[in-house]
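Please walk through this protein chain with the text below, one part at a time.

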Amino acid sequence: MNDIITLINDALWGYVLIAVLVACGLWFTWKTRGVQFRMVGEMFRLLTDSATSGTSGLSDSNSTHRHISSFQAFAVSVATRVGTGNLAGVATAIAVGGPGAVFWMWVIALLGSATAFVESTLGQLFKQRHKDSFIGGPAYYIEKGLHCRWLAVVFAVLITVTFGLSYNSIQSNTICGAMHEAFGWSPLWVGMALAAMALVIVFGGIHRIANVSAVLVPLMAIGYFLLALVIIVMNIEQIPHVMKVIVSSAFGLQQSVGGALGATIMNGVKRGLFSNEAGEGSAPNVAATATVSHPVKQGLIQSLGVFTDTLLVCSCTAFVILISGLYDVPELNGIALTQAALSSEVGAFGPVFIAVAIFLFAFSSIIGNYYYGEANIRFMTSNNAVLTAYRLLSGGVLILFGAMASLEMVWNLGDLCMALLTACNLIAIVSLGKFTFRLLDDYRQQKRRGIKEPVFHRSQLPELADELECWE
């Protein structure tokens with residue numbers, strides 16, 4: 001079974017998705033006039049305003065809703081981005097594809113941030129009211145924007161399986177591996193404890209998930225970044241050599257095998273996408289929950305999330321591994337490589353710190369991943385029994401499966417699900433991207449007129465007025 005999945009992954013990633021992802025990133029960068037570069041200042045302004053005010057230009061006055069701020073939505077999406085992909089995923093990419101894989105992770109992040117902007121803006125545009133919060137995502141904009149119910153259902157099924165089930169087994173596998181490496185704890189018992197904690201949170205709904213993520217995400221990201229920064233500063237004289245190794249390996253200048261360059265690019269793109277999720281269709285689900293005055297606001301904030309994930313956290317891991325020189329040790333891969341690299345720099349404290357960090361990173365990803373599935377379960381059915389069954393599977397059964405399964409199996413399953421999900425979402429956002437471009441133009445025009453907090457009304461897109469529920 002694992003061999004069959006590997007063959008399918010090689011075909012999808014080697015011949016289809018890499019080219020499509022790069023092409024989409026270039027297209028969206030051109031059509032938005034480099035929004036991910038030109039509006040970085042606005043991204044930080046919106047994020048800090050939201051973190052302090054909690055509303056970021058609130059315009060929806062429906063008092064029955066418990067508002068989720070842009071910062072909370074950003075925290076949930078970063079919680080799923082900043083996880084095993086940043087520690088174990090980067091290590092796997094380097095171990096399999098060489099140091100050059102890091103370069104291609106950077107490329108896909110720079111291009112993918114434009115894709116992330118488009119998909120998250122669409123998620124906001126087509127969001128709907130649900131009980132005490134908003135709900136939305138690709139399934140909703142596929143149905144409302146493309147009027148294609150069957151494709152929307154296919155996406156909803158794929159993202160539920162990918163994030164709520166497959167990815168959660170990866171997170172669990174990595175946590176258990178880190179705990180076993182650092183403390184010798186049994187994966188079964190660690191998996192059972194994880195499942196119990198996850199179930200308590202996921203049964204509390206999006207508000208509990210958002211509140212937990214808003215605390216865990218800054219804590220884990222800042223702590224890990226500071227430790228990595230200390231290691232980098234202590235080895236600052238090695239940084240020019242590390243950059244030279246990354247760039248030369250990225251273009252095949254150090255490879256001695258014909259297919260090595262292809263493996264470098266493929267692993268860099270795969271692990272980069274797993275980490276930052278740009279174009280995958282995940283972040284729009286949580287982007288839609290935020291209460292903002294204009295869809296572009298959340299698109300900009302989610303675009304910033306890609307930079308945070310790949311250019312900051314992933315780069316920290318890559319530099320630590322390359323400084324250690326352990327990346328070409330055959331028996332080291334995944335989280336074990338990251339732990340060994342840290343151990344070589346800070347001693348016995350390294351594996352323990354990584355075990356704690358990966359717990360915070362991956363556990364926040366587990367609860368964030370769960371929500372992506374819940375939003376799409378609600379799209380397909382209002383039957384509470386189905387939602388309960390999903391909660392038990394995502395927060396319990398698949399966490400235990402990941403704890404006991406092999407590293408290779410859970411990553412291969414994740415890659416297959418990710419490929420199918422991304423292909424489905426890219427079809428939608430390429431077709432609907434024209435609305436995002438118009439929204440961005442409107443946002444920029446309002447800013448040029450001196451309006452600090454631009455406001456959107458559905459009458460500005462008359463052809464979609466009947467499909468937009470939340471922009472009266």
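Residues are numbered from 1 along each chain as its sequence is written, and side-chain values use heavy atoms, with hydrogens and water left out.

The predictor's confidence in each residue is called pLDDT and runs from 0 to 100. The protein chain has an average pLDDT of 78, and 78% of the residues score at least 70. Helices here are DSSP runs of H or I, at least four residues, numbered from the N terminus. Helix α7 (residues 138–146) has the highest confidence, at a mean of 92, and helix α12 (residues 260–276) the lowest, at 62. Over residues 56–65, pLDDT stays under 50. Where pLDDT is low, the predicted coordinates should not be read in detail.

Helix α14 covers residues 295–324. The expected span of a helix is 1.5 Å times one less than its number of residues. For the 30 residues of α14 that gives 44 Å, which agrees with the 44 Å between its end C-alpha atoms. A kink of about 35 degrees is centred on serine 315; the bend at a residue is the angle between axes fitted to the seven residues ending there and the seven starting there. Of the 30 residues in α14, 27 are buried (under 20% relative accessible area; exposed is over 50%, partly exposed in between, with a 1.4 Å probe and protein chains only). Just after α14, glycine 325 has a positive phi of about 75 degrees.

Leucine 12 lies in helix α1 (residues 2–31). Leucine 12 is partly exposed, with a relative accessible area of 22%.

Terms used
Predicted model: local features only at pLDDT ≥ 70, side-chain atom pairs only at ≥ 80, totals over all residues. Helix = DSSP H or I, 4+ residues; strand = E, 2+ residues; numbered from the N terminus. Contact = heavy atoms within 4.5 Å.
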